[in-house]
Amino acid sequence: MSGILVIAEHRMDELRPVSLELIAVAVGVKAQASGPVTVAIIANDPQKYAQALSVQGVDEVICVKSAVVEFDPDAYEATVAALIAAKNPSLVLLPHSVNSLAYAPALAAKTGLGLATDAFKVEFDAGALVATRGGYGQKLNVEVDFPGKSTVVVTFRANVCKPIDAAGSPTVTQMDAPATPARGQHKKYIEAAGGGDVDIPGSEFILSIGRGVGEEDNVEQFRELAQTVGAELGCSRPIADAGWLPKSRQVGQSGKTAANCKLYIAMGISGSVQHMAGMKHVENIVAVNTDPKASIFHIARYGIVGDIFEIGEELRNQFPA
Amino acid sequence: MKILVTVKQVAAVDDDFEIRTDGRDVDPDFLIHDLNEWDNFSLEEAMKIKEAAGGEVEVVVVSVGPESVDEELRKCLAKGADRAIRVWDDSVEGSDPIAIARIIAAVAKNEAPDMLFAGVQASDHSYAATGIATASFLGWPHAAVVSLLNYTPGSKMATLQRELEGGTYAEVELECPAVLTIQLGINVPRYASLRGIKQAAAKPIDVLTPSALGLAATDVGEAGSLSRVRRMYVPAKGQAELIEGTPAEQVARLVKIIQEFKGV
Amino acid sequence: MMTVPKDLSDLVRHATEKKDVYAAAALHPWVNTAQRRLLEDLWGERRQALLLAQMEGTPATVLEQLFALNDASVDARLARHGNTAPVVLEKLFQRSQAGAQRQRLRRYLVANPATPHKVLLQWVETEQDLDVLKGLCANSGAEPEVLGLAAQRGIAALQTLLAVNLASNSAVLQHLWAGATEGIAAQILGHPQCPEVLLEAIPNTVLQRRKLAGNVRAPSPVLQALSTDQHWSVRRAAAGNAATAVALLTALSRDEAEAVRRAVAMRPDLPVTAAAWLAQDDDDWVRQVVARNAITAPEVLERLAQDAVMEVRRAVARNPACPAPLVAALAKDENEWVRAGVAYRADVPAQVLYQMEAGETSADVLSGIAQNAAASQHMLQRLVQHENPDVRRAVILNKMAPRALLQNILQDPYALHRGMVLRHPHLHDEDRWQLHQDPDPRVRFAVYGYFGRRLGMPKTPGTII
């Protein structure tokens, strides 16, 4: 068992950027893995991605021709299992993406490989792989090892590692994906509805206000600010209860869940249990509050202790038009 | 007709916690327990199907964990689940999500549900693995991160939407029975009525052991796991970053964070 | 039917029989020493002590008892808790002189606005830990004397915090001014305690001029100059400054930058003619702001009430000076958020509310009606049973809601509602006591807190928690 197998990801005819980040992760631990870095792309027309994947440090790019045009968990599971059987890698790197989540645990469970999901660091300690991931709502780092496992599947978090810019000259090979009976069928892609309607669950970027705004007249400037920075405006329950913003903007229990949110800026929100139920899962929470003891800081990734009006006005002034 | 819903008692830490002396977990005195947020949504999805079918559907919740987990199971019963199953004995200690999935699959084999719902992930350790691994042990079709579901009890196919990255959804047709991992926001979870809470106290919770489910000692615990926690620690530069400086400087950092999110 | 406890020992008995930690914590401040002992037994385990030391609202007497446990992790939580008494904070300081956790404890203590002045004073000149000093310099409850001593230590990393801290006085700021970076100088110029002499010159940088233009103590001639500054953000700050002379507002209302006009449109002292001018602005944010401004003339509001942009019409509906006929007209607006703006008005006649409710489906509008003191009992009767929890909650927020309707809420599935309804003055004690075994711990905490106060302070009957 040696070397690293990276499974690249594509969607709608485009390579997803996380693929190149994973290659950088693989190249970074290549020496410790004492074997080649192999990158596989599984697609109906895999050749078109080969060049983009040929970055410095990659030894081989395998273009796996699959009969299945769009993602299918069974087809991917069988294909990656075949790749592992052919290459015997000690580490298999997959993006921690919605598609990987649909088959990586099944693959590991079936074949008895080591498994760690949502890792943000991998290293070899005395020849044995150690993956680091977050625990307890990302408050702690958790080191995970894999006793007795010679091959380990790791789904690795996006936006952790910078891609390698320099081109390389790996061998490009072909392979046919094994046939799998279809149990599911991709019908179509649907883009999130844009338009004027308030969409807290669908929004990726939310700027939310709470009691800290003080009075209704102050709401306007935060509505304007949200528009300036391109965020959906959300609010905590007291703001909606007062009738200052519509219920459709209320985040939390009895309100909406920020299901899709990647960046949540909470301004003047102390962080009641009710509110946090709707947003505490968001990966990037920025809390702005005058009270350094506010509960919201416990779950925030970034904290600003300060006056929301001053911060809001600064943001308005500094945000590039 | 039956839907099996897997639930988990999650643990959260406030600031100022202590790590256990073996360094592999947080001192349990510092853990605050609750029902996993995602599980509210998967239970609600099952309850919606049950109610639309007019009561022909049995909703069974299952969890793996010690006695304290009964508190979460009672919450599910209070919201209208018909029955609850909890699996535990000391051999389960140290199980990773795969070993847990093996236990749940064993329960599912006994129960023979028409559908199995799990949360996409749990808020404490965010593995996002248990549901799909369960599907593998059962040999069932599966879909991860389901944000819309169209399913009539008894039908051979379900139509669903999976929430992908970047505001894109994939519509998929899937054979049933299947395992679906349910995403936040798929529905509006209900609250348990006070009457429901009272009635839940009288509903049964079946407590099973792995061996009663036909599992061997090597199927569960560390032996049945694909990974092991070696160490937990608070990162030197905590995950949380306090942005310092004058408001102008703080906002300069905030602008950067927004730009990074937008990929500028 | 459950009978309301007649005295504190009755309450204590209920709490101890149920082994209810939350009830015990809520009762603790109101009972005698012997009764306290009984209650304290309920949180004898460490995990419960940790829980209470963290929980919002834990009474000071409970926190003081937790201090006696001498547990480093409990202490860290006490040092941050908003209810920890100054005398306990002082004792924590003494405890922080030794022990493995001393730095962590000190960082929390110095940041706590309730930490006594004399404790901070003992610290400020000798403390070596930078994080401790930072916490102290950011403490908004610190006295200027302490902050001044911190400033005199000349540690660069502290200067920003001191310049931002509103507790810094002019002497501290004057001290910081010498050697201040551009950013710190700007912060000092915007500080309410900025030394008089610094306010008199026009600074070179945009940031400094912007901060100065926002300072209400800036002298008139300075504000006049800044109101024509070449940078829009400086003019915007001047436009929003209450000290900027009314005579300058007309010119600012014709400013080329939208951001400036938006700021000036908000002013309560805006000349009526300027308001009329801004009401025709191409920028709909300007029109929204002026539509909400109480000085805007009725005929101008009438025009704005026809605006194509919904938020402008909504702003008219929220204008405190919106004339009654216009309110009635907006009550029929096609947009629900405009109608909701009407429904939340305190001056909307009962008749208009009645017409609004008929056939209305929007939760925003219905919530507005439900919390409106002018809503009839019949309307509230329907709304208290609404399937949308937001609408039901609005009934709880209605000061005129009668007891019979509020009693419905005692069975509401949403625990928050049960906790909120407790505070309604129209509810009777026997209604409140029904919740003493509520499944939600926060509700029980509120119930026992209410009855503890009620029976523990008999001289102020009818006090609502």
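Predicted model: local features only at pLDDT ≥ 70, side-chain atom pairs only at ≥ 80, totals over all residues.
User: What percentage of the residues of chain A count as buried?

Analyst: Chain A contains 11 helices and 17 strands; helices (H or I, at least four residues) and strands (E, at least two) are DSSP runs, numbered from the N terminus. Along the principal axes, its C-alpha atoms fill a box of roughly 65 × 45 × 35 Å. Buried means under 20% relative accessible area, exposed over 50%, and partly exposed in between, with a 1.4 Å probe and protein chains only. Of the 321 residues of chain A, the buried share is 60%.

User: What share of the contacts in chain A with a separation of 6 or more comes from residues 24 or more positions apart?

Analyst: A contact means heavy atoms within 4.5 Å. Among the contacts in chain A with a separation of 6 or more, residues 24 or more positions apart account for 64%.

User: Which helix gives the most to the side of chain B that touches chain A?

Analyst: The contact involves 78 residues from chain B and 86 residues from chain A. Buried area is the accessible area (1.4 Å probe) that two parts lose on being put together, summed over both; for chain B and chain A this is about 7,200 Å², with 56% from carbon and sulfur atoms. The interface has 34 residue pairs in polar contact, both at pLDDT 80 or more, where a polar contact is a pair of N or O atoms within 3.5 Å; within protein, one must be able to donate a hydrogen and the other to accept it, and residues adjacent in sequence count only if both atoms are side-chain atoms. The most, 13 residues, comes from helix α6 (residues 247-262) of chain B.

User: How many salt bridges does the rule find across the interface of chain B and chain A?

Analyst: A salt bridge is a side-chain nitrogen of Lys or Arg within 4 Å of a carboxyl oxygen of Asp or Glu. Glu143(A) and Arg230(B) form a salt bridge, with their closest N and O atoms 3.1 Å apart. Across the interface of chain B and chain A, the number found is eight.

User: Which three residues of chain C lose the most area to chain A?

Analyst: Chain C and chain A bury about 2,800 Å² between them, 42% of it on carbon and sulfur atoms. The contact draws 34 residues from chain C and 26 residues from chain A. Together accounting for 21% of what the side of chain C buries, the residues that lose the most area are Arg236(C), Trp285(C) and Arg292(C).

User: Which helix supplies the largest share of the side of chain C that touches chain A?

Analyst: Across the interface of chain C and chain A there are 11 salt bridges. Glu224(A) and Arg262(C) form a salt bridge, their closest N and O atoms lying 2.3 Å apart. There are also 18 residue pairs in polar contact between chain C and chain A, both at pLDDT 80 or more. With four residues, the largest share comes from α21(C).

User: Is Asp75(C) buried or exposed?

Analyst: Arg95(C) forms a salt bridge with Asp75(C), at 2.9 Å between the closest N and O atoms. Arg95(C) lies in helix α7 (residues 86-95) and Asp75(C) in helix α6 (residues 72-80) of chain C, so the pair ties together parts 20 residues apart in sequence. Arg95(C) is partly exposed at 23% relative accessibility. Asp75(C), with a relative accessible area of 3%, is buried.

User: Which parts of chain C do the buried residues of α5(C) pack against?

Analyst: Helix α5 (residues 60-67) of chain C is mostly covered, with six of its eight residues buried. The buried residues include Leu63(C) and Phe67(C). They pack against α2 (21-27), α3 (33-40), α4 (46-54), α6 and α7 of chain C.

Definitions and conventions
Residues numbered from 1 in each chain as written. Chains lettered and ligands numbered in written order. Heavy atoms only, no water.
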